[in-house]
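Hello,

Here is the structure I said I would pass on. Please open it alongside this note; my findings follow below.

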Amino acid sequence: MPPLHIVVIDPDADRAAMIRGGLEDEGEYRVTIVSEMQGIAARLARLDADIVLIGLENPNRDMLEQLTAATGPSERPVAMFVDRSDRAMMQAAISAGVSAYVVNGLRSDRVRSVLETAIARFHSFARLQAELTATKAALAERKTIDRAKGILMKARGIDEEAAYALLRKTAMDQGKRVADLAEGLVTAAGLLS
């Protein structure tokens with residue numbers, strides 16, 4: 001398995017070197033330092049990082065928005081080390097998807113633990129997002145099935161239980177999912193009304 005590719009974004013060469021030192025001591029990572037913010041989104045896309053670590057002295061809202069858009073915190077863990085910050089900036093970073101936001105806590109011996117925290121938090125958040133997406137899809141299917149049952153109840157003069165049984169039997173006979181059959185019925189009914 002190839003080593004994780006970590007991109008360190010930091011305009012301060014000394015701080016970037018400290019982060020690199022903390023990571024290279026472990027020997028498990030490939031580290032790329034990016035010190036220029038100009039064209040950061042395109043550069044990050046080319047680098048295809050597994051993880052992004054950002055070091056900043058004192059971020060402002062514009063810089064934070066630019067970096068969060070460029071780093072894709074919903075696609076990979078992003079950790080941010082800042083020398084100074086306030087509550088609003090920290091909340092904005094976390095809301096944007098930054099997995100770890102560390103104020104005045106950059107030391108080479110802490111980089112790995114912050115990195116592992118960011119990775120764990122990212123995977124936890126991704127798992128919750130997947131569960132939310134699946135739940136929304138299940139609710140949408142349920143709503144479609146309910147609409148299809150209503151169409152059958154009205155058209156055939158049957159009760160809800162019989163309408164669902166008819167949907168389920170037809171789906172089985174046609175080798176389809178009940179939700180897919182219901183979607184087709186709702187679409188057809190919409191065309192005919």
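This is a predicted model: local features need pLDDT of at least 70, side-chain atom pairs count only at pLDDT 80 or more; totals for chains, interfaces and linings use all residues.

**Helix H5**

Start with H5, residues 111–156. It has 46 residues. From first C-alpha to last, H5 reaches 67 Å, close to the 68 Å expected at 1.5 Å a residue. Which residues of H5 are buried? They are Val111, Val114, Leu115, Ala118, Ile119, Phe122, Thr144, Ile145, Ala148, Lys149 and Leu152. After H5 comes Gly157, with a positive phi near 65 degrees.

**H5 against H6**

Next, the packing of H5 on H6, residues 160–174. The angle is about 110 degrees, and the axes are 9 Å apart. An angle of 65 to 115 degrees counts as roughly perpendicular, so H5 and H6 are roughly perpendicular to each other. On the H5 side, the contact involves Ile145, Ala148, Lys149, Leu152, Met153 and Arg156. On the H6 side, Glu160, Ala163, Tyr164, Leu166 and Leu167 meet them. By class, this contact of H5 with H6 has 8 nonpolar and 3 charged residues, with no polar ones.

Look at Lys149 here. This H5 residue has a relative accessible area of 4%. Buried means under 20%, so Lys149 is buried. Leaving aside neighbours within four places in sequence, Lys149 is in contact with Arg142, Glu160, Ala163, Tyr164 and Leu167.

**H6 against H7**

H6 also packs on helix H7, residues 178–192. Here the angle is about 105 degrees, with the axes 9 Å apart. H6 and H7 are therefore roughly perpendicular to each other. From H6, the contact takes in Tyr164, Leu167, Arg168, Thr170, Ala171 and Gln174. From H7 come Val178, Leu181, Ala182 and Leu185. These residues divide into 7 nonpolar, 2 polar and 1 charged.

Is Thr144 buried or exposed? This residue lies in H5. Thr144 is buried, because its relative accessible area is 15% and the cut-off for buried is under 20%. Not counting residues up to four places away in sequence, Thr144 touches Ala182, Glu183 and Val186.

**Two aspartates**

Asp48 sits in the loop between helix H2 (40–47) and strand E3 (51–56). Its phi is positive, near 50 degrees, in a residue other than glycine. Most residues other than glycine have a negative phi. Asp48 has a relative accessible area of 55%. Exposed means over 50%, so Asp48 is exposed.

Asp62 is in helix H3, residues 61–71. Asp62 is exposed too, with a relative accessible area of 60%. How many residues apart along the chain are Asp62 and Arg142? They are 80 residues apart, and their C-alpha atoms are separated by 42 Å. Arg142 is also one of the residues in contact with Lys149.

Best wishes

Notes: Residues are numbered from 1 along each chain as its sequence is written. Side-chain values use heavy atoms; hydrogens and water are left out. Axes are lines fitted to C-alpha atoms, for helices over the stretch in contact, and angles run from 0 to 180 degrees between N-to-C directions. Angles under 35 degrees count as roughly parallel, over 145 as roughly antiparallel, 65 to 115 as roughly perpendicular and the rest as oblique. Contact means heavy atoms within 4.5 Å. Ala, Val, Leu, Ile, Met, Phe, Trp, Tyr, Cys and Pro count as nonpolar, Asp, Glu, Lys and Arg as charged, and the others, Gly among them, as polar. The expected span of a helix is 1.5 Å times one less than its number of residues. Buried means under 20% relative accessible area, exposed over 50%, partly exposed in between (1.4 Å probe, protein chains only).
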